[in-house]
Amino acid sequence: MAESLLLAVNRKLACDDLGKLLLRLAVGGLMLFHGLHKLFDGVAGISGMLVAKGLPGFIAYGVLIGEVVAPVLIILGVLTRPAALVLALTMIVAWLMVGMGETFALDKVGAWAIESLVYFFIGALAVAFLGAGRYAVAKDPAWK
């Protein structure tokens with residue numbers, strides 16, 4: 001009885017393409033909020049951090065590619081794998097810029113201080129490995 005119920009539930013939930021869409025919407029959609037904040041408010045704060053580390057401030061505009069363009073592509077399912085890799089790289093850079101000192105720390109509510117960076121990094125890697133799936137604007141050439 002229980003086994004047949006579990007099999008029925010598994011059959012109903014076996015929709016890999018819907019899972020890929022939900023993952024793309026979560027990773028791309030939530031990151032897009034971070035990017036839109038920087039798009040509307042400017043990248044001056046990031047530019048200042050870069051200059052303080054001896055890097056040119058104009059590199060800060062790269063965050064708009066990683067946090068606006070890449071998430072939009074991920075959401076739409078266009079150039080999904082490369083866009084996901086750009087997002088993953090953006091998270092590595094963010095960790096190097098602001099998260100290294102918090103790698104082994106908890107925040108004030110007991111969560112891992114860099115958990116959002118890790119969530120977006122691993123989520124982006126999952127999207128890169130899985131691809132867009134069937135529910136995408138552009139079909140992945142590897143998808144049959």
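## Helix 5 and its cover

In this predicted model, the cover over the buried residues of helix 5 includes helix 2 (16-41), helix 3 (44-52), helix 4 (62-76) and helix 6 (115-130). Helix 5 itself spans residues 80-99, and its buried residues are Thr80, Ala83, Ala84, Leu87, Ala88, Thr90, Met91, Ala94, Met97 and Gly99.

Leu96 also belongs to helix 5, but with a relative accessibility of 43% it is classed as partly exposed. Leu96 is part of a nonpolar surface patch, together with Leu89, Ile92, Val93 and Met100. The accessible area of these residues together is about 430 Å².

The loop between helix 4 and helix 5 contains Leu79. Although Leu79 is not a glycine, its phi is positive, at about 50°. Leu79 counts as exposed, because its relative accessibility of 58% is over the 50% cut-off.

## The pairing of helix 2 and helix 4

Two packed helices are described by the angle between their axes and the distance between the axes. For helix 2 and helix 4, the axes come within 8 Å and cross at roughly 145°. This crossing of helix 2 and helix 4 is left-handed.

On the side of helix 2, the residues that meet helix 4 are Arg24, Leu25, Gly28, Gly29, Met31, Leu32, His34, Gly35, Leu36, Lys38 and Leu39. Their counterparts in helix 4 are Val63, Leu64, Gly66, Glu67, Val68, Pro71, Val72, Ile74, Ile75 and Leu76.

Lys38 is located in helix 2. Leaving aside residues up to four places away in sequence, Lys38 touches Val43, Ile46, Val63, Leu64 and Glu67. Lys38 is buried, because its relative accessible area of 17% falls under the 20% cut-off.

Side chains of opposite charge can pair when their charged atoms come close. The side chains of Lys38 and Glu67 form a salt bridge, at 2.8 Å from N to O. Lys38 lies in helix 2 and Glu67 in helix 4, so this pair ties together parts that are 29 residues apart in sequence. Glu67 is buried as well, with a relative accessible area of 6%.

## A second salt bridge

The whole structure contains two salt bridges. Besides the pair of Lys38 and Glu67, Asp17 forms a salt bridge with Arg134, with the closest N and O atoms 3.3 Å apart. Because Asp17 lies in helix 2 and Arg134 in the segment after helix 6, the pair joins parts that are 117 residues apart in sequence. Asp17 is buried, at 13% relative accessible area, whereas Arg134 counts as partly exposed, at 43% relative accessibility.

## The protein as a whole

The protein has six helices and zero strands, and its elements run α-α-α-α-α-α from the N terminus on. Along the principal axes, the C-alpha atoms fill a box of roughly 65 × 40 × 25 Å.

Of the 144 residues, 35% count as buried. Among contacts with a separation of 6 or more, 66% are between residues 24 or more positions apart. The protein exposes about 9,100 Å², and carbon and sulfur atoms supply 74% of that area.

Definitions and conventions:
Residues numbered from 1 in each chain as written. Predicted model: local features only at pLDDT ≥ 70, side-chain atom pairs only at ≥ 80, totals over all residues. Heavy atoms only, no water. Buried < 20%, exposed > 50% of the residue type's maximum accessible area, 1.4 Å probe, protein only. Helix = DSSP H or I, 4+ residues; strand = E, 2+ residues; numbered from the N terminus. Contact = heavy atoms within 4.5 Å. Patch = residues over 30% accessible without salt bridge, like charges linked within 9 Å, V, L, I, M, F, W, Y side chains within 5 Å. Areas by Shrake-Rupley, 256 points an atom, 1.4 Å probe, with all protein chains shown as cover. Salt bridge = Lys/Arg side-chain N within 4 Å of Asp/Glu carboxyl O. Axes fitted to C-alpha atoms, helices over the stretch in contact; angles between N-to-C directions. Left-handed = near helix turned anticlockwise from the far one by under 90°.
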